[in-house]
Amino acid sequence: MVFKSDARLSAAKEELPPNEERISNRTGQRENWIVLAGFFAFLSGLDAWVSTQFWDFEPSIGPPADGSVGIALGFKVDFP
């Protein structure tokens, strides 16, 4: 979508006479797609980091000793 928005921006700039409103709209769309692609790349990297931190995660889920209802999770996070 970044390339498609870039192509539309180029086409808008080549129009005679140039339509400034259309150019600014196309520029905004291209910037939005670039930010969105960067955000998804960040989430992908974060997912990979979390996966490496919790690969040996062994949850201990069970009822508490006093008979009340609850969930207990025990885990350790190693920071580099």
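**Entry 1: the overall picture.** I am working from a predicted model. I counted two helices and zero strands in the protein chain. Of its 80 residues, 8% are buried. I also looked up the surface: the chain exposes about 6700 Å², and carbon and sulfur atoms supply 62% of that area. Among contacts with a separation of 6 or more, 32% join residues 24 or more positions apart.

**Entry 2: helix α2.** I went to α2 next, which has 34 residues and covers residues 20–53. From first C-alpha to last I get 49 Å, close to the 50 Å expected at 1.5 Å a residue. Which residues of α2 are buried? I found Ile23, Arg26 and Gln53. The cover over the buried residues of α2 includes α1, residues 2–14.

**Entry 3: Arg26.** Leaving out residues up to four places away in sequence, Arg26 touches Arg8, Leu9 and Ala12.

**Entry 4: Ser5.** On the α1 side I picked Ser5, which lies in that helix. Is Ser5 buried or exposed? Ser5 is buried, because its relative accessible area is 5% and the cut-off is under 20%. Beyond its neighbours within four places in sequence, Ser5 is in contact with Gln29, Arg30 and Trp33. I also checked Ser5 against Arg26: they are 21 residues apart along the chain, and their C-alpha atoms are separated by 6.6 Å.

**Entry 5: the salt bridges.** How many salt bridges does a search of the whole structure find? The search gives two.

I noted Asp6 with Arg30 here, where the closest N and O atoms are 2.9 Å apart. Asp6 sits in α1 and Arg30 in α2, so this pair ties together parts that are 24 residues apart in sequence. Asp6 is partly exposed at 30% relative accessibility, and Arg30 is partly exposed too, at 25%.

I then noted Glu15 with Arg22, whose side chains meet at 2.2 Å, N to O. Glu15 has a relative accessible area of 26%, which makes it partly exposed. Arg22, at 31%, also counts as partly exposed.

Definitions and conventions. Residues numbered from 1 in each chain as written. Predicted model: local features only at pLDDT ≥ 70, side-chain atom pairs only at ≥ 80, totals over all residues. Heavy atoms only, no water. Helix = DSSP H or I, 4+ residues; strand = E, 2+ residues; numbered from the N terminus. Contact = heavy atoms within 4.5 Å. Expected span 1.5 Å × (residues − 1). Buried < 20%, exposed > 50% of the residue type's maximum accessible area, 1.4 Å probe, protein only. Areas by Shrake-Rupley, 256 points an atom, 1.4 Å probe, with all protein chains shown as cover. Salt bridge = Lys/Arg side-chain N within 4 Å of Asp/Glu carboxyl O.
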